[in-house]
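Me: Got a model open here and I'd like to talk it through. Can you walk me around it?

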Amino acid sequence: MLSGRRLDLLNPSPADIDIADIAHGLARVARWNGQTVGAHAFSVAQHVLIVEEIAGALNPAWPDAWRLAALLHDAPEYVIGDLISPFKTAIGLDYKAFELKLLEAIHVRFGIPVPISDAVEAEIKRADRVAAFYEATRLAGFSTDEAHIFFGHPENVNAELTQRLERLQALPASDAQRLFLERFVALAHRR
């Protein structure tokens, strides 16, 4: 990693995980295999910021630990990249187990309870689907009807957040990295 840390991918240690490495990597990993409109790739860092914001809006009573879990829900991708869901399924359970082992080490590193509850996980997935709907329709060329088929209909998202999501644009990697780190620090500091 750029921090100088060495991460054993088969047996990741929480001590070898650094938030600056995560931010740097996620800001440079493109969602949608880079197949989005605009001058910049839409990064995983920007995606997780949106998921955390949606999860917080849908669950205003959540403690910061759950919001941090939402922000870090795709953190393993700083090392392994962002594979599209059909490809993850084709690879099989070993890939998912590998990804979950790395996520668990990340959670331990940053003081997020392991495992998180099924209810919290479901809410993060719900926020992830809402984010994917807007990313798909605003950036990746999906029609609204097609996005409804794959991601469902975004429900219970307040009007102000919906308006921001409808204006979604990809940020430069440096901006996504900075915003990700700022949000991480804000959530971690409040804990």
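**The core and what packs around it**

Reply: The largest nonpolar core has 57 residues, and those with the most contacts inside it are Ile22, Ile54, Leu72, Ile106, Phe110 and Phe180. A nonpolar core here is a set of buried Ala, Val, Leu, Ile, Met, Phe, Trp, Tyr and Cys residues joined through side-chain atoms within 4.5 Å. Buried means under 20% relative accessible area, exposed over 50%, and partly exposed in between, with a 1.4 Å probe and protein chains only.

Me: What kind of model is this, and how are residues numbered?

Reply: This is a predicted model, where local features need pLDDT of at least 70 and side-chain atom pairs count only at pLDDT 80 or more, while totals for chains, interfaces and linings use all residues. Residues are numbered from 1 along each chain as its sequence is written, and side-chain values use heavy atoms, with hydrogens and water left out.

Me: Which elements give two or more residues to this core?

Reply: Helix 1, helix 2 (44-58), helix 3 (64-71), helix 6 (93-109), helix 7 (118-138), helix 8 (144-151), helix 9 and helix 10 do. Helices are DSSP runs (H or I, at least four residues), as are strands (E, at least two), numbered from the N terminus.

Me: Back to Phe180. What is Phe180 in contact with?

Reply: Leaving aside neighbours within four places in sequence, Phe180 is in contact with Ile19, Ile22, Ala23, Leu26, Ala45, Val48, Leu49, Leu71 and Leu72. Contact means heavy atoms within 4.5 Å.

Me: How do helix 1 and helix 10 pack?

Reply: Helix 1 (residues 19-27) and helix 10 (residues 173-190) have axes 8 Å apart, at an angle of about 145 degrees. The axes are lines fitted to C-alpha atoms, for helices over the stretch in contact, and angles run from 0 to 180 degrees between N-to-C directions. The crossing of helix 1 with helix 10 is right-handed; that term applies if the near helix is turned clockwise from the far one by less than a right angle, and left-handed if anticlockwise.

Me: Which residues make that contact?

Reply: From helix 1 you get Ile19, Ala20, Ile22, Ala23, His24, Leu26 and Ala27, and from helix 10 Ala173, Ala176, Gln177, Phe180, Leu181 and Phe184. By class, that makes 11 nonpolar, 2 polar and no charged residues. Ala, Val, Leu, Ile, Met, Phe, Trp, Tyr, Cys and Pro count as nonpolar, Asp, Glu, Lys and Arg as charged, and the others, Gly among them, as polar.

Me: Is helix 1 mostly covered or mostly open, then?

Reply: Mostly covered, with 7 of its 9 residues buried. Those in helix 1 are Ile19, Asp21, Ile22, Ala23, Gly25, Leu26 and Ala27.

Me: What caps the N-terminal end of helix 1?

Reply: Asp18 does, with a side-chain oxygen 2.9 Å from the backbone nitrogen of Ala20. A polar contact is a pair of N or O atoms within 3.5 Å; within protein, one must be able to donate a hydrogen and the other to accept it, and residues adjacent in sequence count only if both atoms are side-chain atoms.

Me: And helix 2 with helix 3, how do the axes cross?

Reply: They come within 8 Å and cross at roughly 145 degrees, in a right-handed crossing. Val48, Leu49, Val51, Glu52, Glu53, Ala55 and Gly56 in helix 2 meet Arg67, Ala70 and Leu71 in helix 3. That contact divides into 6 nonpolar, 1 polar and 3 charged residues.

Me: What is phi of Trp32?

Reply: Near 60 degrees, a positive value in a residue other than glycine. Phi of Asn33 is near 50 degrees, also positive in a non-glycine residue. Trp32 lies in the loop between helix 1 and helix 2, and Asn33 lies in the loop between helix 1 and helix 2 too.

Me: Is Trp32 buried or exposed?

Reply: Trp32 counts as buried because its relative accessibility is 18%. Asn33 is at 48%, so it counts as partly exposed.

Me: Last one: where is Thr162 found, and what does Thr162 touch?

Reply: Thr162 is found in helix 9 (residues 159-166). Not counting residues up to four places away in sequence, Thr162 touches Tyr134 and Val157. A polar atom of the Thr162 side chain lies 3.4 Å from the backbone oxygen of Val157. Thr162 counts as buried, since its relative accessibility is 15%.
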